[in-house]
Amino acid sequence: MSAIPRVAVFASGGGSNFKALIEHQKTGKLRAQIVGLITDQPKAGALEFARAQKIANAVHAESDRKVREQNILATLQEWKPDWLVLAGFMRLLSPEFLNHFRDKIQECFRVVNIHPSLLPAFPGRDSYRQAFDHGVATTGVTVHFVSSGVDDGPIIAQAPLQILPHDTVDSLKARGLALEHIIYSATLERLWSEKWELRPTASGRRRLHWL
Ligand code: GRF
């Protein structure tokens, strides 16, 4: 891997996390070379932003997963990323696809995701709403390695977010996204600049240790 990692971002939606990553990269808070944006949504806000900023981009909206992933891999062979950063990418990646990004030392994939809850609580879609409707006092955000499961894979960092008495789902989500933007870049920067390893836990999962 090069000293400054080459990073491809995957996004399906509005792209506020993608925008924050670009902003932090420009201001030096995130040392990374963002080589391009992959999206599965031709109308994604993230795509519009990439085009406006003249960041390399590719739309892979093929409905067949195998075909879509083959085409994404072809794009990535040109961009040669060291890491994939998922920022609101609404598709599961197959084990075959992930295997192309296997980290041989740590036995994980060099694919990272941000999820808007304190995993393992509230995986899946609409997690701010899930947390709000469940009535929990505290939710949060999680940055984790991607595995072939849904919002699974070893946790890299978590940050709590209190649900306030006057909150609505929308206000909670707005504060949550602002927190995501800070945590994502800070965690990636740490992951790429510090030493870490994944150690097995008694439950058969793995815990990240900063060395
Ligand atoms: C974020 O809440 C992210 O955690 C989740 O999808 C949302 C994407 O938002 N995976 P945006 O497109 O980055 O604004």
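Is Asp103 buried or exposed? With a relative accessible area of 6%, Asp103 is buried, where buried means under 20% relative accessible area, exposed means over 50% and partly exposed covers what is in between (1.4 Å probe, protein chains only). The model is a predicted one, in which local features need pLDDT of at least 70 and side-chain atom pairs count only at pLDDT 80 or more, while totals for chains, interfaces and linings use all residues. Residues are numbered from 1 along each chain as its sequence is written, and side-chain values use heavy atoms, with hydrogens and water left out.

Asp103 belongs to strand β5 (residues 102-103); strands (E, at least two residues) and helices (H or I, at least four) are DSSP runs numbered from the N terminus. Setting aside residues up to four places away in sequence, Asp103 touches Cys108, Phe109 and Arg110, contact meaning heavy atoms within 4.5 Å. Trp83 stands 20 residues from Asp103 in sequence, and the two are 9.9 Å apart in space, C-alpha to C-alpha.

Thr139, in strand β8 (residues 138-145), is buried with a relative accessible area of 2%. Beyond its neighbours within four places in sequence, Thr139 is in contact with Pro116, Ser117 and Leu118, with Ala131, with Ala159, Pro160, Leu161 and Ile163, and with Leu172. Ala174, by comparison, sits in helix α6 and counts as partly exposed at 47% relative accessibility. Ala174 and Val59 are separated by 115 residues in sequence and by 27 Å in space, C-alpha to C-alpha.

Attention now turns to helix packing. Two packed helices are described by the angle between their axes and the distance between the axes. Helix α1 (residues 16-26) packs against helix α2 (residues 45-52) at an angle of about 30 degrees, and their axes are 8 Å apart. Here axes are lines fitted to C-alpha atoms, for helices over the stretch in contact, and angles run from 0 to 180 degrees between N-to-C directions. The two helices, α1 and α2, are therefore roughly parallel to each other, since angles under 35 degrees count as roughly parallel, over 145 as roughly antiparallel, 65 to 115 as roughly perpendicular and the rest as oblique. On the α1 side the contact is made by Phe18, Lys19 and Ile22, and on the α2 side by Ala46, Phe49 and Ala50. By class, these contact residues comprise five nonpolar, no polar and one charged; Ala, Val, Leu, Ile, Met, Phe, Trp, Tyr, Cys and Pro count as nonpolar, Asp, Glu, Lys and Arg as charged, and the others, Gly among them, as polar.

Within α1, the buried residues are Asn17, Phe18, Ala20, Leu21, Ile22 and His24. Their cover includes the strands β1 (6-10), β2 (33-39), β4 (83-86) and β7 (111-115), together with the helices α2 and α6 (169-193). Just after α1, Gly28 takes a positive phi of about 85 degrees.

On a 1 Å grid over the protein atoms alone, a cavity is a set of points where a 1.4 Å probe fits but cannot get out, and a pocket is an open set with protein on both sides within 12 Å along at least five of seven lines; lining residues have an atom within 4 Å of a point. Grid points are joined across faces, edges and corners, and a volume is the space filled by probe spheres set on the points.

The largest pocket holds about 890 Å³ of space. Its lining consists of 36 residues, with Gly88, Phe89, Met90, Pro116 and Gly124 nearest its centre. Two or more lining residues come from each of α1, β7, α5 (127-134) and α6, and α6 gives the largest share, five residues. The lining of the largest pocket divides into 13 nonpolar, 14 polar and nine charged residues.

The second largest pocket has a volume of about 410 Å³ and is lined by 16 residues, of which Gly153, Pro154, Ile155, Arg205 and Arg206 lie nearest its centre. Strands β9 (155-162) and β11 (206-210) each supply at least two residues of this lining, the largest share, four residues, coming from β11.

One cavity of 30 Å³ or more is counted, and the largest cavity has a volume of about 30 Å³. It is lined by Val7, Val9, Leu21, Leu30, Ala32, Ile34, Val85, Leu188 and Trp192. By class, this lining has nine nonpolar, no polar and no charged residues.
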